[in-house]
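Hi,

Here is the structure I promised to pass on.

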Amino acid sequence: MVAPSPSPTATSTRVVGVDLARAVAIAGMMAAHVLPEDAPGLPGALYDLADGRASGLFAVLAGVSLGLSTRRTPPVARSRTAARAGIAVRGLLVALLGLALVSAGSRIAIILPYYGVAFVVVLPVLWWPARRLAVLAGTWMVAGPLVGFALRGAYALDPTYQQPTLLDLAHPVGLLRTLLLTGYYPVIGWTGYLLLGLAVARAGLAGARAALRLLGTGLVLAAGAWAVSALLLGPGGGLARLAELGVAPGTPWWTFHGTVPTASPWFLAVAEPHSGAPLDLLHTSGTALVVLGAALLLPAAATRFLRPVAAFGSMPLSVYTGHVLALAAHPGDSPALLAGHVLVGVALATGWHLAAGRGPLEGALSSAARGAAGLVAPAAPR
C-alpha cells in the first residue's frame, strides 16, 4: 500500500522547522567559535550553552536531512545503490572541502572532514525502520566511545590536535586514524548523531504529536545523561579517582578536544563538551531533540516571520564555509563579531534564497550527487 503524500502545508512546516533548528545549530557553532570562553555575563552563558551542543545538533540534523532526502527512494536495489553512490560522493566532497578549509588559517576545529566520513559510514542502514535506527543510535553512542577508548589505550594513540589538511591524503592510514579515533569529532562516536537523525526522519516529523515526542524524549535524555554523569562522578567516586591523577574540573585535563584521556576509565563518566564520552553524546543528542521539537512546534505565523532565519539554516555548508573564511581573514572573539557573522549570514542567505533558491555549495554538491547516482542508474529515456 502506498502512503499518501503529505499536504503542502505539512511539508512546508516540517522543512521550515528543520531549517530553523539548523539555524540555531549554525549560530551556536559561531558562538562557540567567536565568544571568549571566560566571558562574564550573557556572552559567557551563551558560550557555555553552545559549546558542544551546537555541533551535536548540527550532526543530528545532518542525519535528519539524509532521512528526508531518501524517504521517497523506491525500494529497488538499483535505485538505492544509486542513492548511496550520490551520498558517498557528497560525503567525499564535504570531507575534501573541510580539509581544504583547514588551510585557510582559521583557529576553528573544522567539523566537515569527520562529517563527510560519517555520511559514508551510515550508508548500509539508510532505509532501516525508525525503531531499529533508534536502538542502533543509542547503542552506537555508548559502544562507539568505549571501543575508541579501548583502541586508543591499547595502541597508545594520543589525541590529534593538529587538524588534517589535503596534504594528509598522502598518508591515508594516519588520516583515517585521526578522523575515526583521535581527532576533534571522532567518527567512531559521532556517527551516532547521524543515526539518531535518520531515526527521527524515519519516525516522521509532521504534526504536533511528533514534535512533542521529540521535545519530551530530548528533555529526558539530556537531563538523564547529565544526572547519571553527576552521580558517577560524585557519589560514585569518579572525581575522587580522577583527583588521584591530579585531574579536577577547571584543570587543563578537564578541557577536552574530542576524546578523553585513557589514563582512567572514569573519564568515560564525564558529560563535558567535546569529551566524546557516552554521556556527552547522549546529553547533546537530547538537547538536539529539544531544539528540533521546539522548532517544529512553532506556529505557522511565527515560521513565516522567521523565513530569513530559515534561509540561513537552509544552506549550512555555504554559511559555515563563509563563516570559516571570514574568521580566518578577520579573527577576533567578541559578542559584536558574533552578531556581525550571524546578521550578515542571515542577510546574504536570504538574498541568495530569494534570487537562486538553494545555497551555492549545496547546489554544487547536489549536482555532483545526482551525477554519481545517474552513472549507477541512468534515468529512463522519455
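Some ground rules first. This is a predicted model, so local features need pLDDT of at least 70 and side-chain atom pairs count only at pLDDT 80 or more, while totals for chains, interfaces and linings use all residues. Residues are numbered from 1 along each chain as its sequence is written, and side-chain values use heavy atoms, with hydrogens and water left out.

Cavities: searching the whole structure gives two of 30 Å³ or more. (A cavity is a set of points, on a 1 Å grid over the protein atoms alone, where a 1.4 Å probe fits but cannot get out; lining residues have an atom within 4 Å of a point.) Volume here is the space filled by probe spheres set on the points.

The largest cavity comes to about 90 Å³. Its lining has 15 residues, with Pro145, Arg152, Pro186, Thr259 and Gly276 nearest the centre. Helix α6 (130–154) gives the largest share, five residues, and α8 (187–203) supplies at least two. (Helices are DSSP runs of H or I, at least four residues, numbered from the N terminus.) By type, the lining splits into seven nonpolar, seven polar and one charged. (Ala, Val, Leu, Ile, Met, Phe, Trp, Tyr, Cys and Pro count as nonpolar, Asp, Glu, Lys and Arg as charged, and the others, Gly among them, as polar.)

The second largest cavity has a volume of about 60 Å³. Ala59, Ile111, Tyr114, Tyr115, Ala118, Tyr185, Trp190 and Leu194 line it, and these are eight nonpolar residues, with no polar and no charged ones. Here α5 makes the largest contribution, three residues.

Pro113, Tyr114 and Val117 of α5 meet Thr178, Leu179 and Leu180 of α7 (contact means heavy atoms within 4.5 Å). That contact counts five nonpolar residues, one polar and no charged.

Finally, Leu325 sits in α14 (residues 316–329). Leu325 is partly exposed at 43% relative accessible area (between 20% and 50%, with a 1.4 Å probe and protein chains only). Leaving aside residues up to four places away in sequence, Leu325 touches Leu101 and Ala104.

Cheers

Conventions. On a 1 Å grid over the protein atoms alone, a cavity is a set of points where a 1.4 Å probe fits but cannot get out, and a pocket is an open set with protein on both sides within 12 Å along at least five of seven lines; lining residues have an atom within 4 Å of a point.
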